[in-house]
Amino acid sequence: MKTVARKLPTVARVILGLVFVVFGLNGLLHFLPQPPIPAAAGAFAGALAASGYFFPLLKITEIAAGALLLAGLFVPFALTLLAPIIVNIVAFHLFLAPGNYVVVGLVLAAELYLAWTHRAAFAPLFARGRVGIAAANRRTLEPAHDLAG
């Protein structure tokens with residue numbers, strides 16, 4: 001049981017990284033077939049595509065964050081990049097194109113689980129005001145001992 005608990009963050013990180021690398025690349029290279037989508041979802045996607053920049057930016061961000069997760073580098077940063085994307089994926093599938101709940105649930109669960117396992121990295125974001133920030137800076141910036149005497 002302890003082995004599973006020890007390896008679960010790595011498994012969740014790799015699965016989430018693979019999802020975003022594969023679907024990010026697919027968004028740029030179109031190697032997976034796309035099923036037809038409902039009219040409201042098509043209108044939404046069409047409006048985003050009409051901007052000319054949104055989908056390339058989105059897919060490059062997905063690929064970069066997914067690659068960071070696969071490499072195990074800057075995991076809290078990658079999770080931060082993916083959080084608003086995942087919120088929109090969930091909302092898209094709840095309100096515009098119902099379905100794919102298993103994959104959407106897996107992505108959301110992996111993001112939340114990994115954010116929880118890396119909660120220490122996010123703790124300074126939730127510090128209260130200047131006192132909390134000052135305390136966080138003291139812990140990270142002050143030397144362990146003063147060599148000057």
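Predicted model: local features only at pLDDT ≥ 70, side-chain atom pairs only at ≥ 80, totals over all residues.
The largest nonpolar core is built from 20 residues, and the ones making the most contacts inside it are L16, F20, L69, L79, L82, I86 and V107. A look at L16 shows who meets whom: leaving out residues up to four places away in sequence, L16 touches L69, L79, L82, V107, A110, E111 and L114.

Turning to the pairing of α4 with α5, the two helices pack with their axes 10 Å apart and at an angle of about 150°. That angle is over the 145 degrees cut-off, so α4 and α5 count as roughly antiparallel to each other. Their crossing is left-handed. On the α4 side, the contact is made by L79, L82, A83, I86, I89, V90, H93 and L94, while α5 brings in Y101, V104, V107, L108, E111, L114 and A115. Sorted by type, the residues of this contact come out as 13 nonpolar, one polar and one charged.

H93 deserves a word of its own. This histidine sits in helix α4 and counts as buried because its relative accessibility is 14%, under the 20% cut-off. Setting aside neighbours within four places in sequence, H93 is in contact with P98, G99, N100, Y101 and V104. Two of these, Y101 and V104, belong to the α5 side of the helix contact.

How values were computed. Residues numbered from 1 in each chain as written. Heavy atoms only, no water. Core = buried A, V, L, I, M, F, W, Y, C linked by side-chain atoms within 4.5 Å. Buried < 20%, exposed > 50% of the residue type's maximum accessible area, 1.4 Å probe, protein only. Contact = heavy atoms within 4.5 Å. Helix = DSSP H or I, 4+ residues; strand = E, 2+ residues; numbered from the N terminus. Axes fitted to C-alpha atoms, helices over the stretch in contact; angles between N-to-C directions. Parallel < 35°, antiparallel > 145°, perpendicular 65-115°, else oblique. Left-handed = near helix turned anticlockwise from the far one by under 90°. Nonpolar A, V, L, I, M, F, W, Y, C, P; charged D, E, K, R; others polar.
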